[in-house]
Structure formats: structure tokens, C-alpha cells
Amino acid sequence: MRRQVSFWVTVADLWTRFLLVAVPAACAFAAAVASAAPADGERWAAVGLIAGYRTFASPLELEGEFAIGARVSLGLSDRVTIMIDGAHADPTRRTSGKVSSFGDIRALVSYRLRERGVRPYILAGLGGQILNFHDAPASASAIVAAGLGAEITLSPEWLAIFEGAADFYRGRFVTYSSTGQELSSTNREMYATGIFSAGLLYRF
């Protein structure tokens, strides 16, 4: 007899595993960067909201969707900043029309290419993401993030940021029957979740 597992218990278990791996990894990554960065400028901290458009790997059959999140930043020097952020989106399946839930958390480091005016930067980091489907089992995976951005000082306290990034992960895609039986699956391959975002941060 097949054992039935509550959908919400499954999602809670995935979130627990996700946070147990992603949060320590994010903190360790940020601490390593902080200890290695030169303190050649005034240090600062900032918090704020980020929002944008999230895209998904084509095999997932998910529409691109608006995403919103939050970010905490620590400026270690005039050029180096470490950040931890998280975002949420509710993309819709093209095949079934059902809404899914997406969430991620990342630890990032950025390096400014300029110190004045509009300041372009490159960013990279680690983290994790979870996809909660309402017509298939939920899944979670580790990610490696990379992207480009630009930062503008609006006032001594406020910063505006604009970014384009991709979160790379390895995964396989499984096709299920209407009764939940696995019909087929692909080999594990590299995929990416993309995001184009803007944010407003308060610096103190």
C-alpha cells in the first residue's frame, strides 16, 4: 500500500532542509568575503526592498513573473559590498494554468568598477531556491549566482540599484501522470533562473 504524505508536511520538510543548507552557506560565504576584503573606505550598512521580473528554465513551463524581496548590504570598502537577499514570486504553469510558488535566498558579493556617479558593478554568490508546484512535487536546489548591476546615490541615506542576474543550478525534470506516478525523467543538467530587478536601499 502506498503511503500518502501530506502536501504541507512535504513542503515544510523541503523548506527546513533548504534553510538548514542555504542560511549557513550564505553566512559562511559572507564572513569569508568580509575577512578577506580590505578596509580602505568607510564601512556602511543598508536595508531595502528589491522588485523585478523573474524568468524560469523552459522545461518548467512557467510564465515569467513579478518578484519582490528584501536585501541587507554591508559596504566593506569603496568598491566591495556583501549582501544577503531573498525574493518570492508566484509564476503560473503554461500547461495547467495553476499558480506555483518560488522563493530563494542568496549571499552575494559585488565589486564596483567605479567609485563615483553611476557605479556599475559585477556580482557573484551562493544560495538556494525552492519551487512549490501545486500540480507536481516541490523541489529545492543550491544555486550559484552571477550578474551585473549599477548603483546610484540619491542622497546620503538612499541608494537605487538596477541588476540583471542568473541563478545557476543543476536539476532534472520529471513527468508525472494524473495519479502522481513518475512517467519519465531527464538527466541532471545545468539550468538558470533569471531576474531583472531594481531596488531602493536605506543606508546607515
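1. Val72 lies in strand E2, which covers residues 65–75, and this placement, like everything below, is read from a predicted model. With a relative accessibility of 49%, Val72 counts as partly exposed, because the exposed class begins only over 50%. Val72 also contributes to a nonpolar surface patch of about 680 Å², whose other members are Val47, Leu154, Trp158, Leu200, Tyr202 and Phe204.

2. The strands concerned are E1 (residues 44–55) and E10 (residues 189–203), which run antiparallel and are joined by ten bridges.

3. The pairing of E1 with E10 belongs to a closed barrel of eight strands, which runs in the order E1-E2-E3-E4-E5-E6-E7-E10 with antiparallel pairing. Neighbouring strands of this sheet are turned against each other by 25° on average, with direction ignored.

4. Of its 204 residues, 40% count as buried, while the accessible surface comes to about 10900 Å², with 62% of it belonging to carbon and sulfur atoms. Among contacts between residues at least 6 apart in sequence, 59% join residues at least 24 apart.

5. Which residues meet in salt bridges between strands? A search of the whole structure finds eleven salt bridges, and one of them brings together the side chains of Arg54 and Asp104, at 3.1 Å from N to O. This pair links distant parts of the chain, with Arg54 in strand E1 and Asp104 in strand E4 (residues 101–112), 50 residues apart. Both Arg54 and Asp104 are buried.

6. A second salt bridge joins the side chains of Glu163 and Arg71, at 2.7 Å from N to O. Glu163 lies in strand E7 and Arg71 in strand E2, so the pair ties together parts of the chain that are 92 residues apart in sequence. Glu163 and Arg71 are each buried.

7. In a further salt bridge the side chains of Glu151 and Arg112 meet at 2.9 Å, N to O. Because Glu151 lies in strand E6 (residues 139–153) and Arg112 in strand E4, this pair ties together parts that are 39 residues apart in sequence. Glu151 counts as buried at 7% relative accessibility, and Arg112 counts as buried at 4%. Salt bridges that share partners join Arg54, Arg71, Asp85, Asp104, Arg106, Glu163 and Asp167 into one network.

8. Leaving aside its neighbours within four places in sequence, Ala160 is in contact with Ala150, Glu151, Ile152, Leu154 and Gly199. Ala160 and Ala150 are ten residues apart in sequence, and their C-alpha atoms are 8.4 Å apart in space.

9. A last point concerns the backbone at Glu61, where phi is near 55°, a positive value in a residue other than glycine. Glu61 is found in the loop between E1 and E2, and with a relative accessible area of 30% Glu61 is partly exposed.

Key
Residues are numbered from 1 along each chain as its sequence is written. This is a predicted model: local features need pLDDT of at least 70, side-chain atom pairs count only at pLDDT 80 or more; totals for chains, interfaces and linings use all residues. Side-chain values use heavy atoms; hydrogens and water are left out. Two strands pair if DSSP finds at least two bridges between them. Helices (H or I, at least four residues) and strands (E, at least two) are DSSP runs, numbered from the N terminus. Axes are lines fitted to C-alpha atoms, for helices over the stretch in contact, and angles run from 0 to 180 degrees between N-to-C directions. Buried means under 20% relative accessible area, exposed over 50%, partly exposed in between (1.4 Å probe, protein chains only). Contact means heavy atoms within 4.5 Å. Accessible areas come from the Shrake-Rupley method with a 1.4 Å probe; for residues, only the protein chains shown count as cover. Patches are made of residues with over 30% relative accessible area and no salt bridge: like charges are joined within 9 Å, nonpolar side chains (Val, Leu, Ile, Met, Phe, Trp, Tyr) within 5 Å. A salt bridge is a side-chain nitrogen of Lys or Arg within 4 Å of a carboxyl oxygen of Asp or Glu.
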